[in-house]
Amino acid sequence: MTDRVMIVTGGSRGIGAATARLGARAGYAVVVNYATNEAAAGAVVAEIETAGGRAMAVRADVGSEADIIDLFRAADRFGTLGALINNAGIVDEAASLAEMSGERLERMFRVNITGSFLCAREAVRRMATGRGGNGGAIVNVSSVAAKLGGPGQYLDYAASKGAIDTLTVGLAKEVIDDGIRVFAVRPGIIDTDIHASGGQPDRVAQLGPGLPMKRAGTAEEVAKAILWLASDEASYSTGAILDVSGARSIWP
Ligand code: NAP
């Protein structure tokens, strides 16, 4: 039984759930964070345990600093933190900037940016060798939207992911002497529930055939990239941002 813990924020569904499953297979004890869907988080934990791994579901809204602190304290009781996957993120309904409310922008940036910053802070406080930790890895889940900008649809979401890219590069430099490697993955269009939550349940079916690879990606394809970056196999990389977008980011 391992005590090397991986926290996956938003681990109950989509890319996070796939990452939690692969993380357990790689030998981590996985903290499966969720916001509201207790049943989905419980199903991921049950699947991991049935396969012989260790996992625990922890409810925490990454839009709340108090919840984040509780999440990391729960993880401390599970074992020694070795990896944080900053995956939880939200979209909103398609809108142009002229139609966006301040409330919408505040929620988007609080969950996607501040939440990721605070989770990274808690991870650094535990993993930094300069603070008595054992080092580790942080993988932030950005989006190819950070490069494309999301005009007319979700400029707020795209900008929040631009901030994640900057967090990745800056934090990688900040903690390079502390044994912590910091990465981001930039998924393209991936087949998960997130599109329905943004009011576009048919987005994958509609856009998939027109993508460079003629299909959307799967959550597992993103999770594999995340696990590789977090692993010792990527020991000479940090500050790297990997597009997992089926070439969407480089297509004209
Ligand atoms: P998803 O299927 O909608 O799943 C979202 C996950 O995040 C769920 O586990 C959800 O928990 C959790 N979550 C949402 N708000 C939260 C909060 N405030 N606090 C804690 N957990 C929260 O999303 P996904 O498509 O897997 O996306 C995961 C990440 O990939 C996001 O950062 C997203 O921006 C990024 N991404 C996705 C795509 C794509 O096409 N799917 C593309 C680029 C980037 P509950 O189950 O409790 O609701």
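Predicted model: local features only at pLDDT ≥ 70, side-chain atom pairs only at ≥ 80, totals over all residues.

Mentor: Happy to. Residues are numbered from 1 along each chain as its sequence is written, and side-chain values use heavy atoms, with hydrogens and water left out.

Now the overall build. The protein chain contains 9 helices and 7 strands (DSSP runs numbered from the N terminus: helices are H or I with at least four residues, strands are E with at least two). Its C-alpha trace spans about 45 × 40 × 35 Å along the principal axes. Of the 252 residues, 52% are buried (buried is under 20% relative accessible area, exposed over 50%, partly exposed in between, with a 1.4 Å probe and protein chains only). Among contacts with a separation of 6 or more, 72% join residues 24 or more positions apart (a contact is heavy atoms within 4.5 Å).

That brings us to the part you asked about. The largest nonpolar core has 39 residues (such a core is a set of buried Ala, Val, Leu, Ile, Met, Phe, Trp, Tyr and Cys residues joined through side-chain atoms within 4.5 Å). Val5, Ile7, Val31, Phe72, Ile138, Leu171 and Ile180 have the most contacts inside this core. At least two core residues come from each of strands E1 (4-8), E2 (29-34), E4 (80-86) and E6 (180-187), and likewise from each of helices H3 (65-78), H4 (102-127) and H6 (155-174). Helix H4 gives the most, with 8 residues.

Take valine 5 as an example. Beyond its neighbours within four places in sequence, valine 5 is in contact with residues including Tyr28, Ala29, Val31, Ala75, Phe78 and Leu81. There is also a second, separate core of 35 residues, with Ala24, Ala41, Ile48 and Ala230 among them.

For one more stop, look at arginine 107, which lies in helix H4. Arginine 107 is partly exposed, with a relative accessible area of 36%. Not counting residues up to four places away in sequence, arginine 107 touches Ile90, Val91 and Asp92.
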